[in-house]
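Welcome! Please take a moment to look over the sequence and the fold, and then let us walk through the strands and helices together.

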Amino acid sequence: MSDKNRVFKANFTIADLRAHRNHKEVFTTACGRRESYQHFVLKLLSYCLFSHNESAILNTSHSDSEPDVSIKALDDHYQTWLAVDQPDIVQLNKIAKRVDELWVVTTLNHEWLQEYEHQLELINNSHLIAFDDNFIEQLASHLTKNLQWDVTIDQQTVSVSDKENFYQTNELVWH
């Protein structure tokens, strides 16, 4: 059960220029008690990046044994498994054997990324998305109960605007 202060109503308008799709996502979600706001923001952005696929699911629990965002095939195996922030590299190696695509979404200049980026590159079906720390910190520090975000996803940038502010990545690694 989540604390009322950690429950959010999300109303996202997403312009995904990479996938050539525009769509809206409206849902209620919560930031778990053991989940940092930075992890929560990374999870929300990950969902936005893949929500053009109608099978994309945002996991509401904060568990290492479940993806933060996933896309399942009709036969119930994971086509896409997204892990955010600082996932366990040993667990990622195991998961990679059971999924079609493994995505890690984290921040640049993070100790985890510096330590494990080479190991991640050795996993054949793995991909990396890394946002600059400042972008994630700004979004995390301006969370409101009603998240009305206009998200634009481009080849080199991701931007988010809400009722009061505009946030844009200064650096973005996506491969």
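This is a predicted model: local features need pLDDT of at least 70, side-chain atom pairs count only at pLDDT 80 or more; totals for chains, interfaces and linings use all residues.

**A sheet of five strands**

Let us begin with the open sheet whose five strands come in the order S2-S1-S8-S9-S10, with mixed pairing. Strand S2 (21-30) and strand S10 (166-168) stand at its edges; each has a single partner strand, so one side of each has no neighbour in the sheet. From one strand to the next, the twist averages 20 degrees.

For a look at one pair, turn to strand S9 (residues 158-161), which meets S10 in the antiparallel sense over three bridges. Here Ser161 stands opposite Phe166 in S10.

**A sheet of six strands**

Another open sheet has six strands in the order S3-S4-S5-S6-S7-S11, and its pairing is also mixed. At the edges you will find strand S3 (56-58) and strand S11 (172-174), each pairing on one side only. The twist in this sheet averages 15 degrees from one strand to the next.

Strand S6 (residues 101-107) and strand S7 (residues 126-131) run parallel and are joined by six bridges. Among the residues involved, Thr107 has Phe131 in S7 as its bridge partner.

**Helices across the strands**

| Helix | Lies across | Direction |
|---|---|---|
| H2 (residues 89-96) | strand S5 (78-84) and S6 | about 155 degrees to S6 |
| H3 (residues 111-121) | S6 and S7 | about 155 degrees to S7 |
| H4 (residues 133-141) | strand S8 (146-153), S9 and S10 | about 150 degrees to S10 |

Conventions:
Residues are numbered from 1 along each chain as its sequence is written. Side-chain values use heavy atoms; hydrogens and water are left out. Two strands pair if DSSP finds at least two bridges between them. Helices (H or I, at least four residues) and strands (E, at least two) are DSSP runs, numbered from the N terminus. Axes are lines fitted to C-alpha atoms, for helices over the stretch in contact, and angles run from 0 to 180 degrees between N-to-C directions. Contact means heavy atoms within 4.5 Å.
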